[in-house]
Amino acid sequence: MAFLLEGFQTALQLHNLFFAFLGVVIGTAVGVLPGIGPMSGVALLIPVTASMTSGLNPAQAATSSIILLAGVYYGAMYGGSTTSILLNTPGESSSVVTALDGYQMAKQGRAGSALAIAAIGSFAAGIVSLIALVLLAEPLSNVALKFGPAEYFSLMILGLAAVSGLAGNSMTKAWMMTVFGLLLSTIGLDSVSGVARFTYNISFLYGGLEFLTVAVGLFALGEVFKAILHNEQNNDGIAKIGRIIPSREELKESTGPIARGSLLGFLVGILPGAGATLASFFSYMLEKKISKHPEKFGKGAIAGVAAPESANNAASGGAMIPLLTLGIPGSGTTAILMGALMMYNVQPGPLLFDEHPDVAWGLIASMFIGNIMLLILNMPLVKIFAKIIETPTKYLLPLIIAISIFGVYAVQVTTFDIFLLLGFGVLGYLLAANDFPLAPLVLGLVLGPMIENNMRRALTTSNGDFFVFIEKPISFVLLIAAILWIVVPFIMKLKGKSVIVNEDM
Amino acid sequence: MSKTFDRVAALTFLAIGVLFMIESLQISKSTYGSVVGPNVFPFLLGLILVVLSIKLLFETIGYPSTRGEKQRLQYKKFWMIFISAIFYAILLEPIGYVITTFLFLIIGFQTVEKGSIWKSIVIAACFSFGVYGLYVKMLQGTLPSWPIWLK
């Protein structure tokens with residue numbers, strides 16, 4: 001508790017408040033803009049924050065930029081709902097369900113209440129998941145501290161299995177992406193022995209492929225190229241917003257769904273690989289099942305907006321738990337956040353709370369503040385954000401390319417990385433357009449060095465005996481769980497049951 | 001899903017896997033202090049990638065034959081922007097950030113949609129000068145400045 005108070009002290013510093021505010025505003029804008037989801041938004045902003053915080057000392061810079069980036073993350077989660085409701089075009093996949101009832105409400109002239117309920121639900125869910133985060137962080141990281149290299153290796157394998165098992169339509173493709181990401185991570189100097197691998201005497205490659213370049217290329221540029229090639233434009237009219245304050249009746253109707261959505265979303269969020277999209281689907285289905293008027297769903301039921309919006313925000317809070325306590329990102333966006341932390345030499349994981357308590361608790365406290373800001377900002381400003389939707393793609397697309405190039409150049413200061421960025425942009429478009437999920441690739445790239453080091457450390461202590469991973473009980477259990485995660489959906493598919501998959505996280 | 005793309009992709013990844021396996025054999029095997037050298041992990045991964053690629057190749061046999069509906073893609077616009085982005089990267093260091101960014105944005109705006117040239121110029125100028133001013137002058141970052149012959 002004392003730590004949390006200290007965290008609030010960090011988060012309430014003037015510049016951190018400013019960063020949280022900036023993150024939330026940019027995040028909402030990112031979520032509202034069609035085509036840029038939370039993942040590309042966060043990736044795009046890493047270099048920008050890196051240059052903004054360059055005047056601070058390293059620890060403060062890390063805290064401030066992670067505060068900003070986390071703000072972008074949950075801001076985007078919220079912003080995505082605005083387009084779903086007003087335009088029937090979800091800004092990102094986790095608000096697909098919101099469009100079902102939200103757009104119907106907008107058509108009936110209740111867009112204002114729908115947006116307000118989405119904001120209130122997101123806020124409540126954010127607070128619930130943060131309280132749970134505070135309660136669970138210490139005990140979980142204490143457990144994780146007892147892990148040795150073998151256990152860590154298996155835990156990360158479990159993380160990869162979970163994400164690959166649920167991403168995309170083809171598990172083969174998802175696994176290919178994971179392995180490809182892991183392979184890319186081996187390029188550069190080997191951290192254990194210092195031997196150069198796959199560098200072919202190209203000096204730029206000795207440091208390995210920069211995570212930032214790959215992520216911005218795959219997500220941000222990939223999306224832009226797709227928009228250019230498919231000539232995506234939004235010409236539909238926007239629904240009128242009308243009265244913003246929801247009626248007392250509507251509030252009463254949505255209390256239950258918000259509470260259930262928050263809890264469910266949080267639980268789903270902790271599971272690696274599941275993420276916000278699944279959480280919003282599950283909570284919508286749950287509400288429909290227990291509702292006294294299931295026929296109302298799809299025709300503008302307020303519960304159909306409240307529940308999934310709360311769930312996807314709670315899930316993004318829940319996803320921070322494995323990231324902060326175990327050092328294992330459970331989704332594409334958290335993988336990018338982790339990459340950002342590692343750029344500042346802050347290693348997420350059980351030691352984070354001991355080594356950098358200011359970063360960990362500052363982030364948690366700032367998420368409380370950020371959520372409050374979101375609520376205050378969005379109620380009156382929702383009309384202004386709705387205007388952002390009208391930004392013509394004509395200016396948006398080239399600007400995103402220019403920001404990506406600036407960002408990568410500002411951090412790396414080589415033109416080599418710009419070429420790499422453009423290359424990964426094309427690759428990102430081609431792969432995503434053909435059902436090869438990108439999240440596992442990024443996850444593999446981030447986790448690769450850690451998996452390899454732990455594997456080699458475990459094997460060194462066992463003199464090269466691979467059975468060490470099975471002999472340690474915890475490691476064995478984790479590996480079994482990983483195998484189950486792969487096998488169970490496979491069997492369900494064989495039985496003809498459709499498995500819900502995450503299109504993008 | 002596209003049968004052709006998946007087959008090409010499977011073969012490409014197969015080749016990548018094989019390449020990594022062969023190349024990892026060149027890396028020195030053992031290092032002082034650890035039994036498992038730097039070659040083991042990439043070799044295993046290459047092997048797994050090869051196996052998965054072959055699995056995908058077999059899966060493509062089961063795909064339904066190509067569907068008729070195909071969206072017309074704007075290749076011309078894409079190549080235009082992509083090639084100007086490459087020139088942007090090449091020219092960035094020789095002639096500086098502001099000029100290249102300005103030109104790239106103008107070309108980009110006009111490629112996506114022709115017209116309102118003045119608005120394009122204003123936005124491009126605001127962005128290129130704005131970023132340069134903010135980042136280099138205020139935050140003391142490093143960006144290639146003006147070309148020598150302009151100074």
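## Salt bridge and polar contacts

The side chains of A:Lys173 and B:Asp6 meet in a salt bridge, with 2.7 Å from N to O; a salt bridge here is a side-chain nitrogen of Lys or Arg within 4 Å of a carboxyl oxygen of Asp or Glu. The count between chain A and chain B is one salt bridge. Six residue pairs are in polar contact across this interface, both residues being at pLDDT 80 or more. A polar contact is a pair of N or O atoms within 3.5 Å; within protein, one must be able to donate a hydrogen and the other to accept it, and residues adjacent in sequence count only if both atoms are side-chain atoms.

## Basis of the model

This is a predicted model, in which local features need pLDDT of at least 70 and side-chain atom pairs count only at pLDDT 80 or more, while totals for chains, interfaces and linings use all residues. Residues are numbered from 1 along each chain as its sequence is written, chains are lettered from A and ligands numbered from 1 in the order in which they are written, and side-chain values use heavy atoms, with hydrogens and water left out.

## The interface of chains A and B

In this model, 60 residues of chain A are in contact with 71 residues of chain B, contact meaning heavy atoms within 4.5 Å. The area buried between the two chains is about 5600 Å², and carbon and sulfur atoms give 78% of that area. Buried area is the accessible area (1.4 Å probe) that two parts lose on being put together, summed over both. Three residues, A:Leu229, A:Lys394 and A:Tyr395, supply 12% of the area that chain A buries against chain B, more than any other three residues.

The side of chain A that touches chain B has 38 nonpolar, 16 polar and six charged residues. In this classification Ala, Val, Leu, Ile, Met, Phe, Trp, Tyr, Cys and Pro count as nonpolar, Asp, Glu, Lys and Arg as charged, and the others, Gly among them, as polar. Helices α3 (38-52), α8 (171-185), α9 (211-230), α17 (393-412), α18 (415-433) and α19 (439-461) of chain A each supply at least two residues of this side. The most comes from α17(A), with 12 residues.

## The two chains

Chain A has 21 helices and two strands; helices (H or I, at least four residues) and strands (E, at least two) are DSSP runs, numbered from the N terminus. Of its 505 residues, 63% count as buried, where buried means under 20% relative accessible area, exposed over 50%, and partly exposed in between (1.4 Å probe, protein chains only). Among contacts in chain A between residues at least 6 apart in sequence, 80% join residues at least 24 apart. Chain A exposes about 18000 Å², of which carbon and sulfur atoms supply 67%; accessible areas come from the Shrake-Rupley method with a 1.4 Å probe, and for residues only the protein chains shown count as cover.

Chain B has five helices and zero strands. Buried residues make up 40% of its 151 residues. Of the contacts in chain B with a separation of 6 or more, 55% are between residues 24 or more positions apart. Chain B exposes about 9000 Å², and carbon and sulfur atoms supply 72% of this area.

A:Thr325 is found in helix α13 (residues 320-326) of chain A and is buried, with a relative accessible area of 1%. A polar atom of the A:Thr325 side chain lies 2.6 Å from the backbone oxygen of A:Ile321. Beyond four places in sequence, A:Thr325 touches residues including A:Ala137, A:Ala144, A:Gly349 and A:Phe353. A:Gly327 lies in the loop between α13 and α14 (332-343) and counts as buried at 0% relative accessibility. A:Gly327 and A:Ala144 are 183 residues apart in sequence, with their C-alpha atoms 9.5 Å apart.

A:Leu352 belongs to helix α15 (residues 352-355) and is buried, at 1% relative accessible area.

A:Ser310 is placed in helix α12 (residues 303-318) of chain A, and at 0% relative accessibility A:Ser310 counts as buried. Not counting residues up to four places away in sequence, A:Ser310 touches A:Gly121, A:Ala125, A:Ile258, A:Gly261 and A:Ser262.
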